Amino acid sequence: MKIAFVGKGGSGKTTLSSLFIRHLVANEAPVVAVDADINQHLGAALGLSDDESAAMPAMGSHLPLIKDYLRGTNPRIASAETMIKTTPPGEGSRLLRVREDNPVYDACARPVALDDGEVRLMATGPFTESDLGVACYHSKVGAVEMCLNHLLDGPDEYVVVDMTAGSDSFASGMFTRFDMTFLVAEPTRKGVSVYRQYKEYARDFGIALKVVGNKVQGQDDLDFLRDEVGDDLLVTMGHSNWVRAMEKGRPSRFELLEADNRLALQTLQDAAEDSYAHRDWERYTRQMVHFHLKNAESWGNAKTGADLAAQVDPAFVLDERLAVSAAQPA
Ligand SMILES: Nc1ncnc2c1ncn2[C@@H]1O[C@H](COP(=O)(O)OP(=O)(O)OP(=O)(O)O)[C@@H](O)[C@H]1O
Ligand SMILES: [Mg+2]
């Protein structure tokens, strides 16, 4: 299943993503972790040193390889140049699996060792000031969207994306790619204002959105969040001394995380699993087509000089049943 953490800057997206990833790994689940946030800190939160984080390959700089691999022998996609971030898979496309080895992971993913096992980490690559609002920024996040659209995920395997809550994810359709979106909110007016904006987009596309209160201290904080987000409040996390120790460069073993925070992480996993069980694969495919047609019309056709609507394979549905053929060696 695919899970996103979004929220206001500094709310704790990266911290909660990394704790959730550690929790999944402790439960022996295979995980691909993706850092798609403007501030690239997921590697550090998973324990990478500065040098190791800096050595992470940037997905954005492997776009030609990613496109060429994913388009496979799909006759509707004539070349990597005509493949845009929203180009949906069809007959002949290659799909990614969480557990396999493939050239995309070889180029873009690095293993990260945690206390209880290993995860694959991928990162969009750092954003610079000049990236924001221009094509480069889109292409970096676009690499993630393309991989998500071509990723055939099973019920016991996880893709966890640490992501910015900006309007770019709404333009592209990236925000519709998840079985569960956890909106991390501190009990502040700014924290819940991001929730309101996200909720509006989410409603139009039937997105499963739950609020995770963070740095919640006492009843007053809890009451505030309940009043503001109602039943969308899934669970809250308090201040964590375990996280603090980690921040000081003195990490302790994950099994020593506070029991109530550990319980909260299990609540997140249960909610995500429940949501995945209800995924409508046809609707999931339809939404990628919807955003592709929208992007083709607004800029893609003009940019590539091709009619990108013709890339849509009307008979194709990304479906668990494809997993059988995708698992066979090429
Ligand atoms: N539950 C918590 N207990 C203690 N410290 C926390 C907790 N949640 C977050 N923090 C701290 O708050 C700071 C911001 O958290 P984090 O970097 O995860 O936020 P973010 O939403 O990813 O921020 P950005 O928008 O910069 O990416 C960090 O120093 C982190 O260690
Ligand atoms: Mg962050």
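These questions and answers concern a predicted model of a protein.

Reader: How many helices and strands are there in the protein, and what is its radius of gyration?
Author: The secondary structure consists of 13 helices and eight strands. For 330 residues the globule rule gives 20 Å, and the protein comes close to that value, so it is as compact as a globular protein of that length. The radius of gyration is 19 Å.

Reader: What share of contacts in the protein between residues at least 6 apart in sequence join residues at least 24 apart?
Author: Contact here means heavy atoms within 4.5 Å. Of the contacts between residues at least 6 apart in sequence, the share joining residues at least 24 apart is 74%.

Reader: What percentage of the accessible surface of the protein belongs to carbon and sulfur atoms?
Author: Buried residues make up 55% of the 330 residues. The accessible surface comes to about 14600 Å². The part of this surface that belongs to carbon and sulfur atoms is 49%.

Reader: How far apart are the mean positions of the positive and negative charges of the protein?
Author: The protein has 34 positive and 48 negative charges. The distance between their mean positions is 3 Å.

Reader: How many disulfides does the count come to?
Author: A disulfide needs a pair of cysteine sulfur atoms within 2.5 Å. For Cys108 the nearest cysteine sulfur, that of Cys147, is 6.6 Å away, and Cys108 is in no disulfide. The count comes to zero.

Reader: Is Cys147 buried or exposed?
Author: Buried means under 20% relative accessible area. Cys108, at 0% relative accessibility, counts as buried. Cys147 has a relative accessible area of 3%, so Cys147 is buried.

Conventions. Residues numbered from 1 in each chain as written. Chains lettered and ligands numbered in written order. Predicted model: local features only at pLDDT ≥ 70, side-chain atom pairs only at ≥ 80, totals over all residues. Heavy atoms only, no water. Helix = DSSP H or I, 4+ residues; strand = E, 2+ residues; numbered from the N terminus. Rg over C-alpha atoms; globule rule 2.2 N^0.38 Å. Buried < 20%, exposed > 50% of the residue type's maximum accessible area, 1.4 Å probe, protein only. Areas by Shrake-Rupley, 256 points an atom, 1.4 Å probe, with all protein chains shown as cover. Lys, Arg positive; Asp, Glu negative; His and termini not counted. Charge placed at Lys NZ, Arg CZ, Asp CG, Glu CD.
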